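Biologist: I'm new to reading models like this one. Could you take a close look at one part with me, then show me around a bit?

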Amino acid sequence: MATVEALVAGPITADTVIDQAAPSKRWGRLGLLVPAGLLLIIGFIVPLVIMLWYAFTDPSVGFGNFAWYLGDAVQQRILLRTFTTAVNVTVICLLLGYPYAYAMVAAGPKLRAVLTLLVLVPFWTSLMVRTFAWVILLQDHGPIQSLLATVGLGQIPLIRTNLGVVIGMSQVLLPFFVLPLYAVMTNIDRRLILASSSLGAGPITSFFRIWLPLSLPGVGAGSLIVFISSLGFYVTPALLGSPGNSLISQQIFTQVNGLLQWGRAGTMGVVLIVITLAILAILALVIGRSTSTIKGVR
Amino acid sequence: MSDSSISQGAAITLNKLTKRYGDATAVDAIDLNAEPGEFLTLLGPSGSGKTTTLNMIAGFVDVTEGEILVDGKPVYALPPHKRNMGMVFQHYALFPHMSVGDNVAYPLRQRRLPKSERGRLVADALNKVGLANLSHRMPRQLSGGQQQRVALARAIVYSPRVLLMDEPLGALDKKLRDSLQLEIKRIHAELGTTFVYVTHDQDEALVLSDRIAVFNQGKIEQVGSAQDLYERPSTIFVAQFVGESSLFHGLAVDHGAGKGVLSSDRTLHAHRGDARTGAPAALVVRPERIRVQSIDGTAPSGNAVRGRILQEIYLGNSRKLEVELGDGSKVLVRESAGDVTANRPGDLVWLTFRAEDAVVLTSNESPDRPQAADDHVPVFASH
C-alpha cells in the first residue's frame, strides 16, 4: 500500500521507491548482494584483517614491527626501488601504449583487428611462460645481447638487473594500459578533430588541444592500473631480477617463506597498502577534477 | 584587413566536381556556383551527394575529379585548416573540455590574435547569437539549441568569407528549428558571408535560401530560387521533392504554343513543358491549383479529369483530398479553408485546372525503369 501511495503522491525517484518498498522485497534485493558480499568478505576483508593482526601482534603486541621497518635503511631503499620501478614501468607503458592505442583507433577495421589481437595474445598467455621467455631473451648470451654486440654496443647487463625487470614488467603490463585507453579513445567524437581543423588548427595543434585532453581519463585509468599492479608484482621481478635489487614483494616472500617473520611481512603489506591508497587518493582528486570537465563527451 | 573587406563573402565555383568511392559515384560531375554573399542551399534526400559536396568544399573529403574555386583560385592544395572557411556541424562538435568562451576563442587563438582583441571578438560573436552571458558555461550545461548557437558563434567569430553548414538544425525540435532558421537568416544578412547550407528539409531550404540546388543521386536536378523551384520545376523529382505535386501520366504531345499529355481517356494541356513529343511524360500541377467540381451537371471545359475521392485530411487552414483517377493513379488536391467544397470521400468528381498552372515534364517512369522519385516523398507529407 505504501508503494501505491508513493506512486500517487507525486514525483518518484529511485530512492522513494526503494524506501517505500515492502520489507520482503527489500530483503529480496539485498539478497542479490550475498554472493558478491561473501566473496568480498572471505577473499579480501578476512585476509586484510589477518594481515593487520599479524603486523600488530606478531611476535608481540605493539608497534615493534613498524619500528623495525622504519628503522631499517635496507627496507627503505627497497621501498624506494619498488616505487621507482613502478614509475618507470608506467612511463614506458605510457610511451609505448599511447601511440599504440591511437593507432588502434586510427586504423581501418582489418588492421585494428590485428592490432587488438597483438595486445590480447600475450594477455591470454601464462605469466610464467612470458617471464621465462624474457629470461631467455635477456640472458647474458641471449639474442638481445648478441644483437647489441653486433651493432657494436657491447654488453649491457639485462638479466638480474632492474632494467631487465622493468623491461619484462612493461611487456606484461602493457595490455592493462592499452585497453582502457583504447576504450576512452574510441569514444572521442572524431568530428571534433574535423571541427578543429575547420577552425584553423593544423593536425599537431588539434592533437594537443583536443585529442590529448579528451584522452587523459584513459591515460589516468591505464597508468593507475599499471602502477598499482607494478607495486605488488612478484613473479617477473623474482625471475628477471636478483636478490641484490629485489622489490618489496620479494622481501615479503623472504620474510614469510625464509624467516617465518609473519609480523614483518604483514607490516610491509600494510605499508604498501597505505602508500598505494594515499597515491590513489591524490590521483582521484587530480583526475576527478580534469574528467569532470570532460563528462558529456559523446 | 579592414572590417569591410573581411565581411565580404567569397565566390565559390564547382567545376565538374566528382567523388567516387570505388565503383560508387557519390557526386557526379556537378557544376555549381555561389555568388559572393549568397545563401546557397544544397537540398536533397540522404545519399544524394549534398553532404559529400560540402565536405569536399571544406577539404574533409578528397576530390576525385573536377575542381573547386574560391574567388577563382583552386583550393585543391589547401588542407582544411588553411581554407579559412567556417563550418557548423549537425551535432555541434563543441569541444567538451572547453568553456563556451574558449570554444569561440579557439579559432582566434589559431590565428594568434592578441588576447584583448580575442575577448572583444568573442563577446561580439556571442552577442550576435544571443548568448552574451554564457561565456563561462561548459557546453554540457547548455541545451541543444544553445550549443548550436555557440557552434555558430565559433564559426563566424573569425569572419570567414565562406560559412558551411551541414544540417545544423537536424538534431533540434521543430519550434527551435523555426526560430533558429530566422536567426541564421538574420546573421547571414548582417555578415554578408557566403553561406553554403546542406539540408534535406525543403521547408527549411525555402525559408533560408537565395538559391537552392536540388540534389538527386549525385547529380544536381535544378538550381534556382525557391520560387523557381516551386513554380517552374524542371524535373519531376524537383516537383515532388520541393512541395507537393499532382502528376497526370501519359505521352507528351504538342499542343498549340504549349505541350500536352495524352493518355487513354483524355488529353491535358499545359502552357509550358520540355518533354520530347511522343515520350513518356507527366503533367505536373500543384495541388492547390486544382479545383474539385461535382460530377453532376455539364462537363467542364478545358483541362478536366474524372476521379473518385479516396480520403480527406483536415489540416486546419486547408484540407487535402486524395483522388483516384481512372488509370488507378492517385493525385492530391488542396482546398484552402475559405474554398472548401461539399465533396466527400467516395464522391465522383471532376478535377479541373488551368493550362498556365501546369507543366509537362519528361517522366522517368517507364516499364524497364521503375519510378524512384515517388519513394522519396510520402504522398501525404504533412506540414
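Biologist: How far apart do the end C-alpha atoms of residues 113-137 of chain A lie, and what percentage of that span is helix and what percentage strand?

Modeller: Quick ground rules: this is a predicted model, where local features need pLDDT of at least 70 and side-chain atom pairs count only at pLDDT 80 or more, while totals for chains, interfaces and linings use all residues. Residues are numbered from 1 along each chain as its sequence is written, chains are lettered from A and ligands numbered from 1 in the order written, and side-chain values use heavy atoms, leaving out hydrogens and water.

Now your stretch: the ends of residues 113-137 of chain A sit 27 Å apart, C-alpha to C-alpha, and the span is 92% helix and 0% strand. (Helices are DSSP runs of H or I, at least four residues; strands are runs of E, at least two; both are numbered from the N terminus.) An unreviewed UniProt entry lists 113-137 as a "transmembrane region" of chain A, with 163-185 also among them; such annotations may be inferred rather than shown by experiment. Residues 163-185 of chain A are 100% helix and 0% strand, with end C-alpha atoms 31 Å apart.

Hop over to chain B and you'll find 10 helices and 21 strands. Its C-alpha trace spans about 80 × 45 × 35 Å along the principal axes. Chain B has 383 residues, 52% of them buried (under 20% relative accessible area, 1.4 Å probe, protein chains only). Confidence (pLDDT, from 0 to 100 for each residue) averages 88 in chain B, and 92% of the residues score at least 70. It's highest in strand β3 (residues 39-43) of chain B, at 97, and lowest in helix α10 (residues 373-376) of chain B, at a mean of 36.

Notes. Buried < 20%, exposed > 50% of the residue type's maximum accessible area, 1.4 Å probe, protein only. pLDDT = per-residue confidence, 0-100.
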